[in-house]
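Student: I'm new to this structure and would like to get to know it. Could we go through it together?

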2 protein chains.
Amino acid sequence: MKPTPKKIRTTEKAVLPKGFRAAGVAAGLKASGAADMALIVSDTAALVAATFTTNQVRAATVRLDAARLAEVGAAYGVVVNSGQANACTGAAGAADAKEEARTAAEAVGCAEEMMWVASTGRIGVRLEMDKIRSGISKLAKALSPTGGEDAARAIMTTDTRPKRHTATWKADGKTCRLTGLAKGSGMIAPNMATMLAFLMTDAAVDRRSMQKALGEAVAKSFNCISVDGDTSTNDTVMLMANGRAGNAKLKPGADGWDGFVAALEAVTAALAEDMVRDGEGAKKLVRLRVTGAKSAADAKEAVRAVGESFLVKTSWVGTSPNWGRIMDSLGYSKAKVDESRVAIAYDGVVTVKGGVATGVKQARLEKILAKNEFSIDIDLGLGRGEAYLLACDCTEEYVGINKV
Amino acid sequence: MKPTPKKIRTTEKAVLPKGFRAAGVAAGLKASGAADMALIVSDTAALVAATFTTNQVRAATVRLDAARLAEVGAAYGVVVNSGQANACTGAAGAADAKEEARTAAEAVGCAEEMMWVASTGRIGVRLEMDKIRSGISKLAKALSPTGGEDAARAIMTTDTRPKRHTATWKADGKTCRLTGLAKGSGMIAPNMATMLAFLMTDAAVDRRSMQKALGEAVAKSFNCISVDGDTSTNDTVMLMANGRAGNAKLKPGADGWDGFVAALEAVTAALAEDMVRDGEGAKKLVRLRVTGAKSAADAKEAVRAVGESFLVKTSWVGTSPNWGRIMDSLGYSKAKVDESRVAIAYDGVVTVKGGVATGVKQARLEKILAKNEFSIDIDLGLGRGEAYLLACDCTEEYVGINKV
């Protein structure tokens, strides 16, 4: 086991790394008139790593970006629109995505293949290309090294607040910065979420190493959250590294590599946590951990069954620790479960042991459940498999937001 | 292929078959003072068939009944309590279940092994045995050939109305009757539901044939419904046949066998439909069908992913045909999906073809979605696999009912 790199704290700000500019504007895609387009650009071409949705139904933008990653591996930037997902739009949607990217590439003066595109919003609706085109020309004019905050706001859909974090570390004596902007609060499930995240760093990083590090960071962050168990068609995490910090190229073993990994993990974890905290209608953040599963795969099945059960999630809305519903969902999960070995603790207070109640006073548990944030640790007592999930409650407001 | 037996209509009444008596009383288990215990008894020992929950966490009652089915295969009756599930109650709960059954057996004068027991309600709570005992003595006195309706009401939990259906057919010139009483409106998912169903017939039926027919009927009824995707710890379907109609023993090929199967399928289907219609907080019944899947297993995965998606179910609350969420859930299901081959129709109106919108007017779809009942047919265009699911919408009221 290699030692885990020291944890890095993030600041909740969109301070862009050297050489990056961004902008967010209202292009009229959202009926509300709120900002709905963003552009992020690096002054020099950046190396790119990315992960995409595992959904078999993939938005036109996801297919385009995945092809670009395979072909080029470097980009100048990304243009993003919210309001319309450009998913399930067929060949016409694919052409729209390409044109959105081409228009942005022309506006900033780079090769078409080096401009990515991301969309989020309603599925099955064609993009309003007139608005997109005029939005892009506004964006190109508004690009600024201080435009990160505007961009973070423009990519929001049902999000109630922007999500952005920045971390810094040293490599070669040079200060490097990694900044992430993200959106997502519904249609969120492990294996990404209905989420977009754009990560930028001014560090020079080896491309293969960067892709591997991104995959690992996503596995521990965006793939460990669930709002409603629905994996979206548009999920994209993009990481650009433009090398403007002037450090020697980072790869495992190099000075500053551990700092890069720590910054990447800290920023992705913070963004993921922001998403669950801002989960549609959610009032409570619940840190679910399953240990003692027969295997890691079993632990994942168990933690998802619990964290995505309607009945478990609605029970959290009240303050009643209805642990019977946790037992029930463990029982129907695909994980091997022997009820006589199950233990459940709320914020460390062991409530179930050997599958039955330990007799903790109801009032004590209600105090824990009344908090905005608490943990539930489940031990299956069968092996060494472990898994973690950041979950939230399912409120009447969630239904209200989505009954459209 | 053998021809499907003629369909039989059921009457929505609890007319008990010959030789059966039932009762329902308030034993004080429910704080509301509503009826909460039921007893169903046959004057002569009945042959029994049954299916139980597939949940790995099984209530004490389920374990007891399953053992009895394996050992004896005949029963005089069943005592049922609502309010407390007697699940996750360990060895003490197992002893309670046994005592509940023994007390009922003594009250009606039969061997302990021939009295079954079923519980439904909150998990993890011990039965209040004093109330159970006095409830049983009240029940024994109240037993009556017209007590079916009282029994159907006493087994309700969050159900808003009793569920009972009766069907008759001829065998050997004798009129046979099959009657079912059931409860269930939440914690309902395929592979049974949080549901109890007690089926009685006065026909004489071969035990093995009866078990097989019950399994097939359950597969087409209780295993094709979903309220919230949560399979419960207590699900039990029990079928008793006491032979009092005087017919020659039914088995495949015998006169009246097809009538028996048709009655069994009609009653179980009607009860299952009642459960979804009465789904917690549900306002709409949606008949989901997936065709064209690569395999039957794929069709099942697809239909469940759609019918259990929070986002799909909440979209039905409104009147907006947000078919993009159906595409999304198909895409993350375990079924093989090629979005360019997917077709979706609402009440026969083809809304998606080749994975994209056909351009049906929104107003026309909204009219369908505004109905209390509609169908969604999904064709995956990949093979011959088919599956069916009766689903319902997920309303704010569902959350309200369960936030405890």
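Student: Does A:Cys88 count as buried or exposed, and what is its relative accessibility?

Tutor: Keep in mind that this is a predicted model. A:Cys88 sits in the loop between strand S3 (74-84) and helix H2 (90-108) of chain A, and its phi is positive, about 55 degrees, although it is not a glycine. Buried means under 20% relative accessible area. A:Cys88 therefore counts as buried, at 2% relative accessibility.

Student: How does B:Asp172 count in terms of accessibility?

Tutor: B:Asp172 is in the loop between strand S5 (163-171) and strand S6 (174-183) of chain B. Its phi is also positive, near 60 degrees, in a residue other than glycine. B:Asp172 has 38% relative accessibility, so it counts as partly exposed.

Student: Which residues have the most contacts inside the largest nonpolar core?

Tutor: Nonpolar side chains tend to be buried together in soluble globular proteins. Here the largest nonpolar core has 89 residues. In chain B, B:Phe260 touches residues including B:Trp169, B:Leu178 and B:Leu250. Those with the most contacts inside the core are A:Phe260 and B:Phe260.

Note on methods:
Residues numbered from 1 in each chain as written. Chains lettered and ligands numbered in written order. Predicted model: local features only at pLDDT ≥ 70, side-chain atom pairs only at ≥ 80, totals over all residues. Heavy atoms only, no water. Core = buried A, V, L, I, M, F, W, Y, C linked by side-chain atoms within 4.5 Å. Buried < 20%, exposed > 50% of the residue type's maximum accessible area, 1.4 Å probe, protein only. Contact = heavy atoms within 4.5 Å. Helix = DSSP H or I, 4+ residues; strand = E, 2+ residues; numbered from the N terminus. Lists of a residue's contacts leave out its neighbours within four places in sequence.
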